[in-house]
Amino acid sequence: MNHLTAARPEASGPQPDRRAGYSEFGVVGLLAGLGVLVLIETQQISDSIGTMRTLSPRVVPYFVAAFLLVVAALLALDIARGGRGEQESGEDVDLSHGTEWHTLLGLAALVAGAGQLIPLIGFPAAGALLFFGTTRLLGSRRLVVDLVVSIVVPLVAFFVFTEALGIYLPIGRA
Amino acid sequence: MDSISALLDGFAAAAQPENLMWAFVGVMLGTFVGVLPGIGPAMTLALLLPLTYSLDPAPALILFAGIYYGGMYGGSTTSILLNAPGESSSVMTAIEGNKMARAGRGAQALATAAIGSFVAGTIATVLLIFTAPAMASFAVSLKAQDYFAITLISFVAVSTVLGSSPVRGLAALALGLMLGLVGIDALTGQQRLTFGVDSLSTGIDTVVVAVGLFAVGEALWIAAHLRQTPAEVIPSGRPWMSGEDWKRSWPAWLRGTALGFPFCALPAGGAEVPTFLSYSLEKKLTRHPEEFGHGAIEGVAGPEAANNASAAGTLVTLLALGIPTTATAAIMLSAFQRYDLQPGPLLFENTPDVVWALLASLLIGNLMLLVLNLPLAPLWAKLLRLPRPYLYAGILFFSILGSYSVNQNPTDILVLVALGLLGFVMRRYGLPVVPTVIGVILGPTSEGKLRQALQVSNGDWSTLWGTGFSIAMYVVIAGLLGLAVVRAVAAKRSSPAISVDEHVHM
C-alpha cells in the first residue's frame, strides 16, 4: 500500500535525470536474469511419467520464462523511447533527495537478523530489538521513550497472540 | 426465496454473542490499523490475518470481514484528514475530501464518507446476497477451460487496465507468476524453482508474499525517503451534516453504489475505475460546479460509496467463482483456503452455514462501523499524528509476527526481506504491486485449471477455445491488450496529463 497523493501534481517527484534513466535498465536486467534462471531451472524438471496426455510440469515454467524475457525486451524498448517508471510518492515521502541507503540496508538487515534470532532468544526479545533498532534508524532520539515503547509493544503483542488468541510464538531457549 | 431463509439462519449464527464480539473486535482493529497512514485495506488484512489462525472457520471469517470493512473505513479517514489515501481506490475520495477538510468542512466530509459507506455497503451486500448464489449456480456449468480463460482475463485486466504503464504492469505480473511457481508441482510431486531449499518446497505462503510486498516494501521505501518535517493533519470535530449536505449526498451515494457494484462483480473488477467514473459523473451532474476542486461534498460521497459497493462486488467473484480480482480478495481467498474452504460454485452447497454467517456479519459489521465511528472519529484522527519512527517500527514488527506465525520458520523471514526489497525496487521504478500478488495467488489456480482441461481432452489444446464462453473471454482479452497497446503508443506522443492513471499504481 502506498500513499497516493491525489491532486498534488508537485508530489509526483522531480523529473528523472539521465543517470536515473540508466538505472531503469537494472529492472530490465532483473527481469531478463530471472527469465534465464527459470529457463535453466526448468531443464531440471523431468516430464516423463504420466504427463503425456495432460500438462507437463515444464510447460508453465517455460511460458513464464518466455514471458519474463519478452516483458524485459518490451521494457527496454519503452525506456529507450524515453519511458520512465514513476516513483511512488506519498505524504511521508520526500523524493527531492536520493535514497538513504544506510537506512534501507540497515532495516533490511535488522528484519532478517531479528527473524533469525526468534528461535534463539524468543519472540518478545527479537521483536523488541527490531522495534528499537527501527526507531533509532528512523531518527527517533528520545532514548527512554523509545526503549519503553520497544519493550512494551512486543510484550503486549506476544501475550495477546499467545494467551488470548492461542497462537504459538517461541519464548526462547532460556 | 431460499436466500432469505438461509440469510436468517446466517443472522442467527452471526448474532451469537461470541460472533458479535468477533465482528466488533474486527471492526475496531480494522479501523485502527486502516487509519494508520499509508496502510490500505489489503495491507491491513495481510497484517491482521494471523489473528484468525487459531479460530474456527465461522468466527475467523466474521473477524476477517470486520477487519476488511473497518480497514476500508479507516482508509477514508486518512484520505480526508491527511490526503494520504492508503490504496488507489481512495484516491478520488482524497481529492475533494482533503479540500473540504482544508476549508474547515472536515466533519462533513467524514460524515458523508461514513454514512455513504454504510448506505453503499448495505445495498451492495444485499445485492451480493442475491447475486452470488445465482452466479454460483451459473458457474457450476462452467468447464475448466472457462475458468482458465477467466484467470487469464484477471491477469490481463489487473496488469494493463490500471496503472500508468501497461508494460510495467505486465512486468509485475510476470514476477508474480514466477513466484507462484515456487514449490512442489501438484501432478508429479517434483520441486520447481526451490533451489534445493527445503522450506521453499511448500511454496511461498500468501501471507509472506502480501506482507513482504505491501508492508515491508512500503516501510523500506518510505524509510529510505522519509520526510523530515511532520505531515500536516487537519483537525476536525465529530462528523455531522446539515440538511443541505444530506440533500447533496444521498443521490451521489446511490449513483456511486450503482457504479461500484456491477463493475467489481465482473472478473476484471477493481475499485479504481468505478471510483474514477463516479467522481467524473458527480462533477458533471452537480449544481455546484464551482465547488469542485475546492471541496465539493458530492465528490466525496460518490466515490466513497462506489469504493464500498465495489468491495461487496469483489466478493461476488470471490465467493461464486473462487477468483480474486483485487489484492484484498486475494488475501481473503488465502484465509478461506486455510480452513479448506474452497470458494467457488460449490461453496454455497458445501458450507452454507459459514457463508451465510459471513454474509450476515458483513451487514452487522457495516452497522457497527457507522454506530461506532461517528463518535470515535476524533479519536481515530489522533492516530494520524503517531510519530513516524514508531509507525514504521510497528509495521515491521507486525510483519515478522505475521510471517513467522505462519510456519514457525526463520527462513520465511529471509524470504520476507527479499520480497520487501523487491517491493522497494518496484516502488522505485513504478511497477505496481497488485499484479504481482494476483500472479502469485492466481497463477497456480490457472495452471491447475489448464491441466484439468487438458486431462479431459487427452492433451488436445484446441479444447481451450472449445466453448462459447471461453471464446468470449478471449475476445475481451484481445480487446484489453489492444487498448493497452493504444495507450502505450499514445502516452509516448502526449506529455502525461493529470489523470487517474497517474496516481493509480499501488
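**Confidence**

The model as a whole scores ipTM 0.88 and pTM 0.88. For chain A the mean pLDDT is 84, and 83% of the residues reach 70 or more. For chain B the average pLDDT is 87, with 96% of the residues scoring at least 70. In chain B the stretch is residues 494-506, with 31 contacts beyond four places in sequence. Where pLDDT is low, the predicted coordinates should not be read in detail.

**Overall form of chain B**

Chain B contains 20 helices and two strands. Its radius of gyration is 22 Å, close to the 23 Å given by the globule rule for 506 residues, so chain B is as compact as a globular protein of that length. Along the principal axes, the C-alpha atoms of chain B fill a box of roughly 65 × 55 × 50 Å. Of the 506 residues in chain B, 65% are buried. Among contacts in chain B with a separation of 6 or more, 81% join residues 24 or more positions apart.

**The contact between the chains**

Chain B contributes 87 residues to the contact, and chain A contributes 75 residues. On the side of chain B that touches chain A, several helices each supply at least two residues, including H3 (41-48), H8 (166-181), H9 (206-223) and H17 (410-428). Helices H5 (91-102) and H18 (434-456) of chain B, described below, also belong to this group. The largest share, twelve residues, comes from H16(B). By class, this side of chain B has 53 nonpolar, 21 polar and 13 charged residues.

| Helix | Number of residues | Span between end C-alpha atoms | Expected span |
|---|---|---|---|
| H5(B) | twelve residues | 16 Å | 16 Å |

After H5(B) comes Gly104(B), which has a positive phi near 85 degrees.

H18(B) is mostly covered as well, with 18 of its 23 residues buried. Within H18(B) there is a kink of about 40 degrees at Leu442(B), shortly before the proline Pro444(B). Asn458(B) follows H18(B) and has a positive phi, near 60 degrees.

**A residue of helix H15**

Pro352(B) lies in helix H15 of chain B, which covers residues 352-383. Is Pro352(B) partly exposed or buried? A residue counts as buried if 20 or more other C-beta atoms lie within 10 Å of its own, and as exposed if 12 or fewer do. Pro352(B) has 15 C-beta neighbours inside 10 Å and therefore counts as partly exposed. Between Pro352(B) and Gly299(B), which are 53 residues apart along the chain, the C-alpha atoms are separated by 39 Å.

Terms used
Residues are numbered from 1 along each chain as its sequence is written. Chains are lettered from A and ligands numbered from 1 in the order in which they are written. This is a predicted model: local features need pLDDT of at least 70, side-chain atom pairs count only at pLDDT 80 or more; totals for chains, interfaces and linings use all residues. Two residues are in contact if their C-beta atoms, placed from the backbone, lie within 7 Å. Helices (H or I, at least four residues) and strands (E, at least two) are DSSP runs, numbered from the N terminus. Ala, Val, Leu, Ile, Met, Phe, Trp, Tyr, Cys and Pro count as nonpolar, Asp, Glu, Lys and Arg as charged, and the others, Gly among them, as polar. The expected span of a helix is 1.5 Å times one less than its number of residues. pLDDT is the predictor's confidence in each residue, from 0 to 100. The bend at a residue is the angle between axes fitted to the seven residues ending there and the seven starting there. The radius of gyration is taken over C-alpha atoms; the globule rule is 2.2 Å times the number of residues to the power 0.38.
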